[in-house]
Amino acid sequence: MNKVLIIEDNEQNRYLFAFLLKDKGYAVFEAVDGRSGIEMAREIQPDLILLDIQLPDIDGYQVARTLRTHGDLAATPIVAVTSYAMTGDRQKTLAAGCSGYIEKPINPQTFMQELKAFLSTPNKENGQ
Ligand code: MN
């Protein structure tokens, strides 16, 4: 089963993301701050990481940079979930090693569709 790790300090957001993912059959793991998120990622080796940027200990940029230094997580899709709408912040998430981003508040109707691109296996060939 595909494992998704949610690193997000806001309980309501965590609940909503988890609900939508579980509904589609994903195994969901949750971390409430950056450091525990990194620890959990190393332990469970998720297929996808949803990463909040504003976290209580270290910010999401630092979480992404740290995750990318671990060889076994170097290619794991990391999707930043950020309330920042400014272009510079988007660039910053990508520069920190994120694979993409979704803006908060998320749209529950399109959320899973947006994640789909990041849930395909790295080895899978696609015709794009
Ligand atoms: Mn937050």
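**View 1. In sequence, the donor residues of the manganese ion follow the spacing D-x42-D-x1-Q.** The ion is held by D9 (OD), D52 (OD) and Q54 (O), at 2.0 to 2.2 Å. D9 sits in the loop between β1 and α1 and Q54 in the loop between β3 and α3 (60–69), so this pair ties together parts that are 45 residues apart in sequence. Donors here are N, O and S atoms within 2.8 Å of the metal (3.2 Å for Na, K and Ca), and since water is not among the atoms, sites may look incomplete. With a relative accessible area of 35%, D9 is partly exposed, and Q54, at 46% relative accessibility, is partly exposed too. For this and the later views, buried means under 20% relative accessible area, exposed means over 50%, and partly exposed lies in between (1.4 Å probe, protein chains only).

A word on the model before the next view: it is predicted, with local features needing pLDDT of at least 70 and side-chain atom pairs counting only at pLDDT 80 or more, while totals for chains, interfaces and linings use all residues. Residues are numbered from 1 along each chain as its sequence is written, and side-chain values use heavy atoms, leaving out hydrogens and water.

**View 2. The protein chain has 5 helices and 5 strands.** Helices (H or I, at least four residues) and strands (E, at least two) are DSSP runs, numbered from the N terminus. Of the 128 residues in the protein chain, 44% count as buried. Among contacts between residues at least 6 apart in sequence, 60% join residues at least 24 apart; a contact means heavy atoms within 4.5 Å.

**View 3. Strand β1 (residues 3–7) has 4 of its 5 residues buried, so it is largely enclosed by the rest of the structure.** It runs parallel to strand β2 (residues 27–31), and 5 bridges join the two. Two strands pair if DSSP finds at least two bridges between them. Look for K3, whose bridge partner in β2 is A27. From β1 the chain crosses through helix α1 (residues 11–23) to β2, in a right-handed β-α-β crossover. Right-handed means that, with the strands pointing away from the viewer, the path from the first strand over the helix to the second runs clockwise. Strand β1 is also parallel to strand β3 (residues 48–52), to which 4 bridges join it, and I7 has L51 as its bridge partner in β3.

**View 4. All 5 of the 5 residues of β3 are buried, so this strand is largely enclosed by the rest of the structure.** Both of its faces are covered, with L48, L50 and D52 buried on one side and I49 and L51 buried on the other. Strands β3 and β4 run parallel and are joined by 4 bridges. D52, also a manganese donor, has V81 as its bridge partner in β4. The chain goes from β3 through α3 to β4, and this β-α-β crossover is right-handed.

**View 5. The whole structure holds 2 aromatic pairs.** In the pair Y15 and F19, the ring centres are 6.5 Å apart and the planes are at 20 degrees, so the pair is stacked. Rings of Phe, Tyr and Trp (its six-membered ring) pair if their centres lie within 6.5 Å; planes under 30 degrees apart count as stacked, over 60 as edge-to-face and the rest as tilted. Y15 and F19 both belong to helix α1 and are 4 residues apart, about one turn of the helix. Y15 counts as exposed, at 60% relative accessibility. F17 and F111 form a stacked pair as well, 5.3 Å centre to centre with 10 degrees between the planes. F17 lies in helix α1 and F111 in helix α5 (residues 111–119), so this pair ties together parts that are 94 residues apart in sequence. Both F17 and F111 are buried.

**View 6. Helix α5 buries F111, M112, L115, F118 and L119.** Seen down the helix axis, these buried residues fall within an arc of 105 degrees, so they line one face of α5. The arc is taken from the directions from the helix axis to the C-beta atoms. Turned away from that buried side, the face of α5 carries the exposed residues Q113, K116 and A117. The cover over the buried residues includes β1, α1, β3, β4 (78–82) and β5 (100–103).
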